[in-house]
Amino acid sequence: MTAITVNLNPIITLTDNQFYQLCRENPDVKFERNAEGELLIMSPTGGETGKCNSEINADFVIWNRKTKLGVCFDSSTCFKLPNGANRSPDVAWIKKDRWDALTQEEQAKFPPIAPDLVLELMSPSDSLQEVQKKMQEYINNGVKLGWLINSQIRQVEIYRLHQPVEILESPIELFGEDILPGFILNLQTVW
């Protein structure tokens, strides 16, 4: 990914509350934090990627409004994963009962939960290897279904718990499987 890594650990190890405050005090900067506690300063997306992200997120929101099965999140949401990393997938979805089990404070800050589904849309400046590593991190932390969409080469990598990665060439649709029953993502808005 196009990210700058800053290692403050030799000087200070940020607590979860300090990291949250850092993000609140710098709203124009998108931070993530890896499992080692290093800060990642993420670059903004370009117009084409932002447009595709918006279209994809709209499909999730419309489906979720009809089914009322969970909660949708955009790329601005930062999740605290079990390994200690703070990550912001382009799209995330969590089953309603899992979301409701969090306290109001946990929901308001960086939710300490691995989403049920994550989606990452590659930007032209992203490193495929780094995004693949991030996708595997999601799965290793309990995400059940992950989609990595690479629009430049019209390829989708599907990540599932306890299964090898499946690669699809130029798919027209992605199906939510048993994680998002009845959900179909039309990829014609991406290609």
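1. **Ground rules.** The model is predicted, with local features needing pLDDT of at least 70 and side-chain atom pairs counting only at pLDDT 80 or more, while totals for chains, interfaces and linings use all residues. Residues are numbered from 1 along each chain as its sequence is written, and side-chain values use heavy atoms, with hydrogens and water left out.

2. Strands here are DSSP runs of E with at least two residues, helices are runs of H or I with at least four, and both are numbered from the N terminus. Two strands pair if DSSP finds at least two bridges between them.

3. **Strand 9 and its partners.** Strand 9 (residues 145-150) runs antiparallel to strand 10 (residues 155-160), and six bridges join them. Within this pair, Gly 146 stands opposite Tyr 159 of strand 10. With strand 8, strand 9 pairs in the parallel sense over five bridges; here Leu 121 has Ile 149 in strand 9 as its bridge partner.

4. **How enclosed is strand 9?** Six of the six residues of strand 9 are buried, so the strand is largely enclosed by the rest of the structure. Buried means under 20% relative accessible area, exposed means over 50%, and partly exposed is in between (1.4 Å probe, protein chains only). Both faces are covered: Leu 145, Trp 147 and Ile 149 are buried on one side, and Gly 146, Leu 148 and Asn 150 on the other.

5. Contact means heavy atoms within 4.5 Å.

6. **The largest pocket.** This pocket holds about 690 Å³ of space. On a 1 Å grid over the protein atoms alone, a pocket is an open set of points with protein on both sides within 12 Å along at least five of seven lines, a cavity is a set where a 1.4 Å probe fits but cannot get out, and lining residues have an atom within 4 Å of a point. Grid points are joined across faces, edges and corners, and a volume is the space filled by probe spheres set on the points. Of the 36 lining residues, Lys 30, Met 42, Ser 75, Ser 76 and Ser 88 lie nearest the centre. Helix 2 gives the largest share of the lining, four residues. By class, the lining has 13 nonpolar, 14 polar and nine charged residues. Ala, Val, Leu, Ile, Met, Phe, Trp, Tyr, Cys and Pro count as nonpolar, Asp, Glu, Lys and Arg as charged, and the others, Gly among them, as polar.

7. **The second largest pocket.** Here the space is about 300 Å³. Its lining has 15 residues, and Asn 34, Leu 40, Arg 87, Glu 130 and Lys 133 are the closest to its centre. Helix 5 supplies the largest share, five residues. The lining divides into five nonpolar, three polar and seven charged residues.

8. **The cavity.** A search of the whole structure finds one cavity of 30 Å³ or more, and the largest cavity has a volume of about 40 Å³. Its lining includes Val 6, Leu 8, Ile 12 and Glu 38.

9. **Two buried residues.** Asn 86 sits in strand 6 (residues 86-87) and is buried, with a relative accessible area of 2%. Ile 179, in the loop between strand 12 (173-175) and strand 13 (184-186), is buried at 14% relative accessible area. Leaving aside neighbours within four places in sequence, Ile 179 contacts Trp 93, Asp 116, Lys 144 and Leu 145.
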